[in-house]
Amino acid sequence: MNKATIQNLSSKICSAVGEKEFRLENKCPPNKVCGQVRLAIGLWLLFGGSYLDLVGRSYGLKSMSSINTYFESTINWINKTFDFESVGLLQRFKNGDLAALAKLKEISSDFAVDSDMVFNGCIGAIDGLAVRIKCPTEVRDPGNYFCHKNFYALNVQAICDREKRCLWISPGHQGASHDSFAWSETKLYNLLQEMKDSLKEHGLFLVGGSAYPMSAFLLAPYDNATPNSPEDLYNFWHSNSRIRIECLFGEIVMRCGLLSAALLHNFLVDSRENRDVEQMETDLDDDLISWSSEDELLTFPLVTDNSEPAPTGRKTSSAIKSDEEGKELRKKLCNSLLQEGKIRPMSYGMKYSGRGLVYFEN
């Protein structure tokens, strides 16, 4: 984060929490720590800095308790200042707000850019993440938190847009829960169930992996698609949208190591959106956590993907109907991609950016 970005963040937080709580530098009493300094301390810790660099050095702090208080204040300020968009947009759309519908279609159009607006209708990419935790001691059955990767974890469900803004997050599910079950426990899932007819009418849906059940509002890829088949074509463009959530997880974890920083991540995405690509890549590289010695390297994953095929079993009549509606929409998209000649790009068009990312040259 550069100086201008931090100043912008300070201004937004001050407007949200009030000058009395934030205490601007030019209005702060001599015996108090101003809001800008407390925010800087919180960000330092959030981005992986050590508290040892703060005590008696940069800011002359003398107690660990003060540092913890400033860190908690930073998290609380961010939560008060920013919000996740998905639920609010969908509720407003449900209540007939045309501006909310326009915003959802704008998100969909962003996803559809790469396919020249053929793979259109996606309003978010969803996936689950297993986040390592210590064995919980205050629950009746800690085994429910032991995931299939052989460590204790929380199953975190999240949705993002094409620019990798986190639109929704649900972090509190047991690590042993399958993604499909964790998703079905959420209030957002229930809201989408209530709105499925409206979403179907406007052709709006989420994209997710094979771990999620098909429905009119959540599309999964085809299983075992034959290379160069229409189903394989659909899978490519489906993956082109779905990969954004994988990138979101990577950026947040590498930058902060904490999913609680998702709202701050959204602010950083907005801050870099209109900047030139070269400067944006430099800022992103500077933000990422790096390890300075072999002793600091992690010997186990802090997080891991949680993608397994959806569990089989007898489906209810409503689940069967929902599955059929999803397959109908998926087939429609598949046919549209085929008719418009949106073939899978071949390897001869591959290029590598300065950061080692693959892109396809026209």
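## Helix packing, cores and selected residues

S322 counts as buried, at 10% relative accessibility, because the cut-off for buried is under 20%. The residue sits in helix α12, which spans residues 317-339. Setting aside neighbours within four places in sequence, S322 is in contact with M214, S215 and A216. I320 is found in helix α12 too. I320 is partly exposed, with a relative accessible area of 38%. Its C-alpha atom is separated from that of S215 by 9.1 Å. Along the chain, I320 and S215 are 105 residues apart.

**Overall make-up**

The model is predicted. The protein has 362 residues, and 42% of them count as buried. Its secondary structure comes to 12 helices and eight strands. Take the contacts with a sequence separation of 6 or more: residues 24 or more positions apart account for 61% of them. The protein exposes about 19800 Å². Carbon and sulfur atoms supply 50% of that area.

**Nonpolar cores**

The largest nonpolar core has 56 residues. L90, W183 and L199 have the most contacts inside it. Helix α9 (residues 230-255) gives this core its largest share, eight residues. What does L199 touch, leaving aside its neighbours within four places in sequence? The partners of L199 are L90, F93, I123, L192, L204 and F217. There is also a second, separate core of 18 residues. Among its members are I13, L46, I78 and L264.

**Helices α3 and α4**

Two packed helices are described by the angle between their axes and the distance between the axes. Helix α3 covers residues 35-46 and helix α4 covers residues 64-81. They pack at an angle of about 90°, and their axes are 8 Å apart. That angle makes α3 roughly perpendicular to α4, because 65 to 115 degrees is the range for that label. On the α3 side, the contact is made by G35, R38, L39, I41, G42, L43, L45 and L46. On the α4 side, I67, Y70, F71, T74, I75 and W77 take part. By class, the residues of this contact divide into 10 nonpolar, three polar and one charged.

**V17 and its partners**

W77 of α4 takes part in the contact with α3, and W77 is also in contact with V17. V17 is found in helix α1, residues 3-17. Is V17 buried or exposed? V17 is buried, with a relative accessible area of 15%. Its C-alpha atom and that of W77 are separated by 6.9 Å. Yet V17 and W77 are 60 residues apart along the chain. Leaving aside neighbours within four places in sequence, V17 is in contact with F22, W77 and K80.

**Positive phi in two loops**

K164 and N224 each have a positive phi without being glycine. The loop that holds K164 runs between β2 (153-160) and β3 (166-174). N224 lies in the loop between β5 (218-219) and α9. K164 is buried, whereas N224 counts as exposed. The table sets out their values.

| Residue | Phi | Relative accessible area |
|---|---|---|
| K164 | K164: near 70° | K164: 19%, buried |
| N224 | N224: about 55° | N224: 79%, exposed |

Technical notes
Residues are numbered from 1 along each chain as its sequence is written. This is a predicted model: local features need pLDDT of at least 70, side-chain atom pairs count only at pLDDT 80 or more; totals for chains, interfaces and linings use all residues. Side-chain values use heavy atoms; hydrogens and water are left out. Axes are lines fitted to C-alpha atoms, for helices over the stretch in contact, and angles run from 0 to 180 degrees between N-to-C directions. Helices (H or I, at least four residues) and strands (E, at least two) are DSSP runs, numbered from the N terminus. Angles under 35 degrees count as roughly parallel, over 145 as roughly antiparallel, 65 to 115 as roughly perpendicular and the rest as oblique. Contact means heavy atoms within 4.5 Å. Ala, Val, Leu, Ile, Met, Phe, Trp, Tyr, Cys and Pro count as nonpolar, Asp, Glu, Lys and Arg as charged, and the others, Gly among them, as polar. Buried means under 20% relative accessible area, exposed over 50%, partly exposed in between (1.4 Å probe, protein chains only). Accessible areas come from the Shrake-Rupley method with a 1.4 Å probe; for residues, only the protein chains shown count as cover. A nonpolar core is a set of buried Ala, Val, Leu, Ile, Met, Phe, Trp, Tyr and Cys residues joined through side-chain atoms within 4.5 Å.
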